[in-house]
Amino acid sequence: MADDAREEAVTSFPIGGNLSELRERTRDFLAPAKPSERQEANFLLAVSEAANNVLDHARTPGVLVLRRCADRVVAEISDEAGTLTDPLAGMTAPEVGSRRGYGLWLMRQMCDEVEITSGPAGSTVRLVMRCD
């Protein structure tokens, strides 16, 4: 997407322990795209879940990259651990009564597109919200 001529803005910042700040910075970045309240809430939840997964599971530095284009907003949440290797993770709901495993499933419910990639540099979850 970096070579997409329609790209309007991009920003990035490290994922730390303050997810409230991460959500606030993401909300500010979303504002020019004018998402509906529901879109904004869904996207913020998905980004927060992905960042929380970095803190809980990767235990390595993480970064959030946000891209805004005319027709979509993209969040790429990356870590250096590379432990998320299943591109289909979260495609089905966790078993009833499960205490874990809802994050990726929720991301897939809240976003228009979710892509999981991994390699020697780590894992990345790419979340896409189309703008109306």
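Analyst: Start with a cut-off. A residue is called exposed when its relative accessible area is over 50%, and buried when that area is under 20%. One caution: this is a predicted model.

User: What makes Asp132 count as exposed or buried?

Analyst: Asp132 has a relative accessible area of 87%. Exposed means over 50%. Therefore Asp132 is exposed. Asp132 sits in the segment after strand 5, which spans 122-130.

User: How far is Asp132 from Arg72, in sequence and in space?

Analyst: In sequence, Asp132 and Arg72 are 60 residues apart. In space, their C-alpha atoms are 8.5 Å apart.

User: Why is Arg68 called buried?

Analyst: The relative accessibility of Arg68 is 11%. The cut-off for buried is under 20%. So Arg68 counts as buried. Arg68 belongs to strand 2, residues 62-69.

User: Which residues does Arg68 touch, leaving out those up to four places away in sequence?

Analyst: Arg68 touches Glu7, Glu8, Ala9, Phe29, Pro32, Ala33 and Val73. A contact here means heavy atoms within 4.5 Å.

User: Is Thr26 buried or exposed, and how do you know?

Analyst: Thr26 has a relative accessible area of 1%. Buried means under 20%, so Thr26 is buried. Thr26 lies in helix 1, residues 19-30. Its side chain reaches the backbone oxygen of Leu22 at 2.8 Å.

User: What does Thr26 contact beyond its neighbours within four places in sequence?

Analyst: Thr26 is in contact with Phe13, Phe43, Leu44, Val47, Leu64 and Leu66.

User: What stands out about the phi angles of Lys34 and Arg59?

Analyst: Phi of Lys34 is near 55°, a positive value in a residue other than glycine. Arg59 also has a positive phi, near 50°, and is not glycine. Lys34 is in the loop between helix 1 and helix 2. Arg59 is in the loop between helix 2 and strand 2.

User: Why are Lys34 and Arg59 labelled as they are for accessibility?

Analyst: Lys34 has 71% relative accessibility, so it counts as exposed. Arg59 has a relative accessible area of 69%, so Arg59 is exposed too. The cut-off is over 50%.

User: How do you know whether the chain agrees with a compact globule?

Analyst: A compact globule of 132 residues would have a radius of gyration near 14 Å. The chain has 14 Å, so the value agrees. The C-alpha atoms fill a box of roughly 40 × 30 × 25 Å along the principal axes. Buried residues make up 42% of the 132.

User: Which helices and strands does the chain have, and in what pattern?

Analyst: The chain has three helices and five strands. Along the sequence they follow the pattern β-α-α-β-β-α-β-β.

User: How many positive and negative side chains are there?

Analyst: There are 15 positive and 21 negative side chains. The centres of the two sets lie 3 Å apart.

Methods:
Residues numbered from 1 in each chain as written. Predicted model: local features only at pLDDT ≥ 70, side-chain atom pairs only at ≥ 80, totals over all residues. Heavy atoms only, no water. Helix = DSSP H or I, 4+ residues; strand = E, 2+ residues; numbered from the N terminus. Rg over C-alpha atoms; globule rule 2.2 N^0.38 Å. Buried < 20%, exposed > 50% of the residue type's maximum accessible area, 1.4 Å probe, protein only. Lys, Arg positive; Asp, Glu negative; His and termini not counted. Charge placed at Lys NZ, Arg CZ, Asp CG, Glu CD. Polar contact = N/O pair within 3.5 Å; in protein donor to acceptor, adjacent residues only side chain to side chain.
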